[in-house]
Amino acid sequence: QVQLVESGGGLVQPGGSLRLSCAASGSISRFDVMAWYRQGPGKGREVVASVTSGGRTNYTDSVKGRFAISRDNVKNTVYLQMNSLKPEDTAVYYCNAKQINGPWRTDDYWGQGTQVTVSS
């Protein structure tokens with residue numbers, strides 16, 4: 001088991017920046033993928049960015065060029081740097097850890113979420 005705790009959310013004006021952090025209670029090096037998801041008002045949860053244990057990153061199209069995900073396996077922390085924020089980025093952001101245990105099983109762990117509000 002691992003506990004994931006997000007921080008860094010808040011209210012920011014359009015065009016501003018925030019950095020989210022996800023601190024794990026144990027080692028994250030065992031997780032194949034670390035990711036950030038978000039759920040906006042009245043919307044489903046969507047993956048925003050992910051980083052594999054090998055350092056490969058992936059982003060949803062709407063945040064490419066603006067967001068950057070990174071993982072620090074020493075500090076057991078995952079970050080999401082968010083720049084040029086837009087009102088449509090407003091959402092609760094969740095940290096996710098995935099451990100792939102074979103072709104038919106993936107164990108998922110979630111944080112409690114942190115609110116990001118982009119508004120003038």
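**Strands, core and a few residues**

Colleague: What kind of model is this?
Modeller: It is a predicted model.

Colleague: Okay. How many helices and strands does the chain have?
Modeller: Zero helices and 11 strands. Read along the sequence, the pattern is β-β-β-β-β-β-β-β-β-β-β.

Colleague: How much of the chain is buried?
Modeller: Buried residues make up 44% of the 120 residues. As for the surface, the chain exposes about 6300 Å². Carbon and sulfur atoms supply 47% of that area.

Colleague: And the contacts? What share comes from residues 24 or more positions apart?
Modeller: Those account for 55% of the contacts with a separation of 6 or more.

Colleague: Switching to charges. How far apart are the mean positions of the positive and negative ones?
Modeller: They are 2 Å apart. The chain has 13 positive and 9 negative charges.

Colleague: Now the inside. Which residues touch the most other members of the largest nonpolar core?
Modeller: Trp 36, Leu 80, Met 82 and Tyr 93 do. That core has 29 residues.

Colleague: Take Met 82. What does Met 82 touch, beyond four places in sequence?
Modeller: Among its contacts are Leu 18, Leu 20, Phe 67, Tyr 93 and Val 116. Gly 16, Ser 17 and Arg 66 are on the list too.

Colleague: What about Tyr 94? Buried or exposed?
Modeller: Buried. Its relative accessibility is 14%, and the cut-off for buried is under 20%. Tyr 94 lies in strand β9.

Colleague: How far is Tyr 94 from Tyr 37?
Modeller: In sequence, 57 residues. In space, 5.0 Å from C-alpha to C-alpha. Tyr 94 also touches Tyr 37. Its other contacts beyond four places in sequence include Glu 6, Trp 36, Arg 45 and Trp 110.

Colleague: And Thr 77, where is that?
Modeller: In strand β8. Thr 77 counts as buried because its relative accessibility is 9%. Setting aside neighbours within four places, its contacts include Cys 22, Ile 28, Ser 70 and Asp 72.

Colleague: How far is Thr 77 from Ile 100?
Modeller: Their C-alpha atoms are separated by 19 Å. Along the chain, these two are 23 residues apart.

Colleague: Last topic, backbone angles. What is the phi of Asn 76?
Modeller: About 55 degrees. That is positive, although Asn 76 is not a glycine. Asn 76 is in the loop between β7 and β8. At 17% relative accessibility, Asn 76 counts as buried.

Colleague: And what about the phi of Ser 84?
Modeller: It is near 50 degrees, a positive value in a residue other than glycine. Ser 84 is in the loop between β8 and β9.

Colleague: Why does Ser 84 count as partly exposed?
Modeller: Because its relative accessibility is 39%. Partly exposed falls between the buried limit of under 20% and the exposed limit of over 50%.

Methods:
Residues numbered from 1 in each chain as written. Predicted model: local features only at pLDDT ≥ 70, side-chain atom pairs only at ≥ 80, totals over all residues. Heavy atoms only, no water. Helix = DSSP H or I, 4+ residues; strand = E, 2+ residues; numbered from the N terminus. Buried < 20%, exposed > 50% of the residue type's maximum accessible area, 1.4 Å probe, protein only. Contact = heavy atoms within 4.5 Å. Areas by Shrake-Rupley, 256 points an atom, 1.4 Å probe, with all protein chains shown as cover. Lys, Arg positive; Asp, Glu negative; His and termini not counted. Charge placed at Lys NZ, Arg CZ, Asp CG, Glu CD. Core = buried A, V, L, I, M, F, W, Y, C linked by side-chain atoms within 4.5 Å.
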